[in-house]
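Colleague: Could you take me closely through the surroundings of the ligand in this model, and then move on to whatever else you can say about that chain? Which residues surround the ligand?

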Amino acid sequence: MGTVMALFFVVVVAPLVGLVLNGADRVVTARLQGRVGPPLLQPLYDLVKLWRKEPLVVNRVQIGYVYLHLAFMVMTLVLLALGGDMVLALFAHAFSALSLVIGASSVRSPFSRIGAQRKIMQMLAYEPVFILLVVGIYLRTGSFMASAVGRLDAPLIVSLPLVFLAYLVALEIKLEKSPFDVATSHHAHQELVKGVTLEYAGPYLALIEVAHFYETFLLLGIVAAFFVRQIWLGVGVALVVYAGAIVVDNVCARLRTTWMVRCLWTVPVMLAVCNIIWLYVRRTQGG
Amino acid sequence: MAWSVHELLGRSPWFVHYNCNSCNGCDIELLACLTPLYDVERFGMLHVGNPKHADILVVTGSVNHRNARVLQNVYAQLPTPHVVVGLGVCTSSGGVFAGSYNVLGGVDKVIPVDVFVPGCPPRPEAMMDGFLRAVEILKRKSAGLPSAPAEKEVITVAPPSGPHAEESDAA
Amino acid sequence: MEALIGSQGLTKMTRNELAVAVLVVLPLVGGALAWLAPWRWLRSAVVWLTAGLSAAAGVYAVTLLPFSVTLGSWHEVVAVVCELMLVGLVAYFAWDERGWLIVGLCAVQVGVLIFEWLEGAGQIPVIKDAVFCLDGLAGALVVIINVIGGLILVYATGYMKVHSCHGGGRGAREGRFFLVLTGFLGLMNGLVLANHLGWLSVFWEGTTLCSFLLIRHEGTPEARGNARRALLINVFGGVVMSLAGVVAQRGGAESLEGVLGSRLTVVFVLLCIAALAKSAQFPLQSWLLGAMVAPTPVSALLHSATMVKAGAYLVLRLAPAFEGSAVMDVIALIGGFSFAVAAALAVSQSNAKRVLAYSTISNLGLIVACAGIGTPLAYAAALMIVCFHAASKGLLFLCVGAIEQEIGSRDIEDMGSLLHTMPLTAGVTIAGMLTMLVPPFGMLMSKLMAIEAAIEAPLVVLLVIAGSALTVFFWAKWIGRVQTVSYHARYRLERMPRSMMGVLVVLCAMVLGGGLGSLAIYRQVIEPMALGAFPHAAEKAVAALRAAGQLHSWPILVFPLLAVIAWLVTVWRFNPGYVRLPYLAGENRDETELSYKFTSVKDEPVVAWATSLYFRRTLNEERITPWANLLAWLLVLSLLGVLGGR
Ligand code: SF4
């Protein structure tokens, strides 16, 4: 019964939460810019509209990767919700982004292709942080199963504070926010026309949006998981983090891709590595 | 049609802007629509960068031999249902460029236009009014209802008066 | 004792001996017949027959598993004579190629062999073991060698037909080519079956010779030079292996089992160095890249699916006995280093065969690293890679061969319209690449296990993770390029010899089927083998092994499957009216189906183009390789240092 509830939650409720969060993002962004902004449920209207549009494509191959993108994203959430293997979830999450990359590079459009390459650069920048996060959790719990996090006596943030900081930076990339929204970007600011999502129209774009809702939920869910046991505190922190990400989005200019990678690999990744080394040392001394 | 899918469709009109041969006056006024003072995002409107994501094609400027083909290409890449809005007198007749050696005339010479917004340049309020009309047409198109072809605004220019009137008459 | 060996036992004994004999001798005989065959059709028929028979023999042998074959002491004489003959042959070819260093190495090897012979005659007490044995690990390799190898042979008959057409009639050389390629299967079978170090060394040398002859096949100066380098490095490995034989004899062992039993660390380290040469690990990787000048079936058979696996196999076979020693830590580091650096260099390559070569080095490195980690889970991961990599990589090489014959280039950037011009091959290629990196296929699951197994060794886990990430990168680039399709593509099946097409389809089906069932295979086959290799494993390690098999497997299968079904439905109900040109700011020119031209200044057509990322400046092959080699040499030296400090 618990499994069914968890599945229901991540498959049905998660995208709704993500949708509302994205709507809130647009309202907050507008307010920050001194505008009124769209209604809260604007992403829903967008979805319905996109669903009704003509599904234009350049070729048939690219369609498959939209489905894979969404499927892997949901799979990541399902795996984590079932308390499954975190490395597998990490791979699934990476492949979700990768499907988008492959799909975008299978059309002969330079915009789309350059967008795909920038997406790869983004992955190069943030994946180390995610991997270090998993390694850190393993060192803390002694298991690769996500369910082990729930059985901890003290929240993860206590032992992984630096990884948490690094994760916040990586989050900014994953949410496609400035200064790292180099591959594509949501809302009105255009980079590379639309980068990876350029050649997807109508329903396919809608599916990519849905995947983004899942992802928003997933990423903020991980923030909350740092505070597990005090789950309401976690949810509060996640919301604050999201608001912070929106603010950063609005006050930053976009970086070049190489700067992005350098920026991530210098401070955040090193912070995370320090944290991991510290955990290793404590483990070896502890036993 | 008080509340239906088509109604929702009208709540998220994304537009792509194509500058045909404009003097940039209309373009600048269009961008003013995005600013806090006018804020078209209130209506769910987004300014997207390519026709494949757009519902409304916003054209400024008159059409010439060189860009007529481009305009057709962009138009062909719009997914249905879609609406075309012409901003400024240039789009309806060629405006100040009409009769120039390379100008074909209004946008409707090349692609069907649903709404013309008069002015040189039109005020942002007028543009937004035009967008809202376009949204109504979008809803009708989505529901499969017939939509009336755009009427060109008839612009009557008052006869010149004042000290230069005779000069120009003489000329 | 006599009473115990009843008639039943005797027939069983002969059956085992027969199996070994058939596996080794049949391909050699088949190769000789193919060489003698006067007509191409007859040669092809002989090769097909040999391939079929040896595949059947391989599968049959595995049903007898486990068994061992003991022989009278005459076999040692035969082994030494064979070895001396092989060394002589190598020296002859080296002389022919003006490879004086190789000739010198051959002389050293003869010296070592004679020394060993004399010393052996001085009656050092040696424990007699089985000469050949077939256990689970060897069984897995026997199946790979004979089934996948057989398929590649069949492919080669078609490939060489087209190949010779391009290069003019060279019937005699083609006959020799099939002699070596077919005979190689027998030598390779012998190599994995051999337990006696002498025989191991014989087959080791034999495969080296095969590899040399096949690399040299084209006869161009480049081919000859690369062949010489391959021979040099592998003969060096062979000499080290002979040295290992001497040391083992002094330690009272003459077989791998003996080395395992008496834990002769020195022998182990020497064998590992020989293995590094064979498996083209850093710092001895350069020969494998040069070997890519050989015809593609050779690259598929020797240089990815089987021969290069021999080194990794050897390490894997010996590893369980040395679990937890400092030597193993260094081995794990060497493997992890090769894995990461080769993956990084693969990113910078646009030549498809070089990418595949680097990826092969990289995966072999991962096997070695897993062997070095030395837990049951790591062992299982290594086994998974051995199996799945052989199939997928062999398939990919065959695809590249077919593509090269069609488009005349092996540059990835030229593979843009493949789905249009050769849909079958391109589809198979994409499927092959997907099996290399996407869940639920076996390669990814094995990487996952490798990461989980390496977690206790921080440096190794770092290397494994970096390597995995880079691996994803270069495959993704390639997949994107191959499946770039024009709008309104019209698919027309390409023309190629039926043998090639058939093999591509069959192998692709095997790869996909095996990949989808990877978790089942893991639970049914690999897990017991890993447990068998580590009978005294700690409870925690066994628990980790079991946990890897108990992954939540249904989401891994269900979600990608749903996506694929959704895609098939969409494509099936696809309305061609939805196809539009890509967005090029409205300046598209709809001229041909394949080009994406746009109108530029003065109405000139310009082709829209964006190459993939290669990071040629950061990941410069020429600049990185010397440093990587230096580091790797240091690691190898530290291997010896660990030995000395013991
Ligand atoms: S209508 Fe007037 S402002 Fe607009 S483009 Fe034409 S000339 Fe410029």
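Modeller: In this predicted model, the ligand is surrounded by Ser22(B), Cys23(B), Gly25(B), Cys26(B), Gly88(B), Val89(B), Cys90(B), Val96(B), Gly119(B), Cys120(B) and Pro121(B), where a residue counts if one of its heavy atoms lies within 4 Å of the ligand. Two helices of chain B, α2 (25-32) and α4 (89-93), each supply at least two residues of this shell, helices being DSSP runs of H or I with at least four residues and strands runs of E with at least two, numbered from the N terminus. By type, the shell divides into 7 nonpolar residues, 4 polar and no charged, with Ala, Val, Leu, Ile, Met, Phe, Trp, Tyr, Cys and Pro taken as nonpolar, Asp, Glu, Lys and Arg as charged, and the others, Gly among them, as polar.

Elsewhere in chain B, Pro13(B) lies in the loop between α1 (5-9) and β1 (14-19). Pro13(B) is buried, with a relative accessible area of 0% (buried means under 20%, exposed over 50% and partly exposed in between, with a 1.4 Å probe and protein chains only). Leaving aside residues up to four places away in sequence, Pro13(B) touches Phe43(B), Gly44(B), Met45(B), Leu46(B), Asp55(B), Ile56(B) and Val135(B), contact meaning heavy atoms within 4.5 Å. Gln72(B), by comparison, is 59 residues from Pro13(B) in sequence and 21 Å from it in space, C-alpha to C-alpha.

Residues are numbered from 1 along each chain as its sequence is written, while chains are lettered from A and ligands numbered from 1 in the order in which they are written. Local features need pLDDT of at least 70, side-chain atom pairs count only at pLDDT 80 or more, and totals for chains, interfaces and linings use all residues, with side-chain values taken from heavy atoms and hydrogens and water left out.
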